[in-house]
Amino acid sequence: MKEATSLTQAVAFARRWHSTSIRLLLIHAAVFSLSVMVLLGVIGWAVTGNMERETDAIMNWQLVYFDSVADSDLSAVIRRRLEREPMHTNYYGLFTSDQHYLAGDVMALPPHLPSDGSPTIIRRALMIAGAQHPGVVLAKEERRADGSILLVARDVSQELQIRSTILNALIAGGLLCLGAGLAGALGLSMRQMRRVAQIRRVTQRISQGYLAERLPVGGRDELDMLAHLVNRMLEEVERLMNEVKGACDGIAHDLRTPLTHVCALLERIEEHAGRSDDERLATLVMQARAETDALHERFRAMLRISEIGSMNRQGGFGEVGLEGLVREVGALYEPLADDGSTTLSVEVTPVEPIRGDRALLFEMLTNIVNNAIKFTPSGGAIRILLMSTPGGARIEVVDDGPGIPEDERHAVLQPFYRAKNASRFVGSGLGLSIVSAVLRVHDFSMRITDAEPGTRVTIDCWPKTLA
Amino acid sequence: MEKVESDMTRVLTIEDDEITANGIAEELRERGFVVDWVDNGRDGLARAMSDEYDIITLDRMLPGVDGLTVVSTMRSVGVYTPVLMLSALSDVDERIRGLRAGGDDYLTKPFNLAEMSARLEVLLRRQQAPAVQKATTLRAGPLELDLIARTVKRGNEEIVLLPTEYRVLEFMMRHAGRTITRTMLFEEVWGYHFDPGSKLIDVHIGRLRKKIDSVDATTLIQTVRGIGYVLSEN
């Protein structure tokens, strides 16, 4: 359970990452915090560099000054300088060539100092009079003409402190900027994602045929501009659809009436022919009636397709138990299969109820099963299978008939298409189009594959466009 | 108003299309009905309210007052003459709307005239013999169907039927002697409103026939060519 939750969170995060806005915002946050760090760094290095140069200059000047003093006076000069060092930032030490203390407040010569006079950092190791340890010092030593060694040191702990303060500020500030950017990106993108999700929901409903739906608009950003455009387009599409539907309904009504008339007239002619014992006439009328019946059937199927297609039928939607439905279709068609010397069997595994229009799903399945029976030669077997898959319930109708060639599998779903080997069978050629129309209403998908031998029709009973 | 000819069945046809109306009228007159035709909803409603008809065929789309208004007005003032609605609108929602407004049956145009008269006969029968609805045993010739025990006998021999076959036979026995069309059977027994093809119903009837004729060779279910079946009453 917990794993599932964390998985969903991970998926949600991955999905968020794929959103353009969050990616842009995160990149922006990273660049911004990096620039802040660089800026702080530049200021820091400029300030401490300047202080370092100043320290260096002061020490050099002191050495130059001590150079100008005679060796014999040096001890006294050093003492005088120390007296004028109330802040105690400079330290001096004079030693004999064998490193014995002569003068100054540095009591011992630190080991390993380069003798060429280059400055060296000494941390809390310089021994000074008064037992007090200075912090970090920069020290230089110089060998004088009489062989004595002069050590000049200056406290640089303040500079180092400033540098570390700047470094801390740099890291903390950078992290703060990054965090704020991240939080902002998440917040903003969540709002954007919510709007996109809302738009997606509405678009799905529109694609299901609810043309009166409109995308939500609430502000004036790019998304709203797009939503406005799409809404304007939808208005136009809806207007056109209504016009076309109106025209179609008109034509349908206009065609139905004369067709009804012809049927009625033929029926009456047939009766008269029956009475007058004119066999030739009776045969002709019968042929004419067969033709009008075929026309009738085709016409009804056509209207049925447009009816299902334009149906605003979520009203007919409810929970559908597929097990009962599949069994019912099996029971309805078993005698027909038996009549054609084929066998029809139903194999059902329990599945969760789905959302759909039961009557339409029933009509769809009867068309598929009817087709399978029609095209399976005697001795063949037709199986209706209901199974549970990770995606949801799946219905398969499998026969061992001649099968549908691969290049015709898509075409058979088009209205009026008849497979090349189907010409000897009666039918409107619209059965599978009714199936397609029902699938569209439900947003289910169907595949026709080779059952080796025969045809396998697979219907996945879950929406193609996952919410 | 009193019925003029009590032994003749009087039909009121409310239909704005003349040729369709003539077809209906001719078909029904041949079956011995008296047919009055009205071509608009207003006059149709007035005639229907007079309560002098046994049954009404009503077009769904009429000029002026439309079919739905006619039937719902009739029902609201207590006129319960059976109404067969005829409509070019075949949508299931339309059908439900028509039946909800008070129609007793609904037939989509273009329709077969024989289909229409078969439905009218069934409606009339239901109206005239409500006792059949309450009976616990149905009888038709040598057939006896026990609605409580759900058993069927021909003479003294019991016939074992599958549930669907039982429902088909029950429907046919309720309307014994009347022509039952394939669509009527499919609607009544299976409860769906689309055309499953005539052959499908034929094979179901074939099976039922084989079972009920197994004890006696006399065929009880006759085929009415091009229309449907009839179960003999005697």
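**Notebook: a look at chains A and B**

I began where the chains meet: 25 residues of chain A are in contact with 26 residues of chain B. I note here that the model is predicted.

Next I asked which elements give two or more residues to the side of chain A that touches chain B. I found α5 (222-276), α6 (279-309), α7 (322-339) and α8 of chain A. The largest share comes from α5(A), with 10 residues. Sorting that side of chain A by class, I got 10 nonpolar, eight polar and seven charged residues.

I noted the crossing of α8(A) past α9(A) as left-handed. Among the residues that meet are Leu360(A), Leu361(A), Met364(A) and Ile368(A) in α8(A), with Leu432(A), Ile434(A), Val435(A) and Val438(A) among those in α9(A). By class, this contact has nine nonpolar, four polar and one charged residues.

Then I turned to the strands. In chain A, β7 (residues 343-348) and β9 (residues 381-389) pair in the parallel sense over six bridges. I looked up what stands opposite Val348(A) in β9(A), and found Leu386(A).

My last stop was the other partner of β9(A), strand β10 (residues 392-399) of chain A. These two pair in the antiparallel sense over eight bridges, and they form a hairpin with two residues between them. Within this pairing, I saw Arg383(A) opposite Val398(A) in β10(A).

Notes:
Residues are numbered from 1 along each chain as its sequence is written. Chains are lettered from A and ligands numbered from 1 in the order in which they are written. This is a predicted model: local features need pLDDT of at least 70, side-chain atom pairs count only at pLDDT 80 or more; totals for chains, interfaces and linings use all residues. Two strands pair if DSSP finds at least two bridges between them. Helices (H or I, at least four residues) and strands (E, at least two) are DSSP runs, numbered from the N terminus. A crossing is left-handed if the near helix is turned anticlockwise from the far one by less than a right angle, and right-handed if clockwise. Two residues are in contact if their C-beta atoms, placed from the backbone, lie within 7 Å. Ala, Val, Leu, Ile, Met, Phe, Trp, Tyr, Cys and Pro count as nonpolar, Asp, Glu, Lys and Arg as charged, and the others, Gly among them, as polar.
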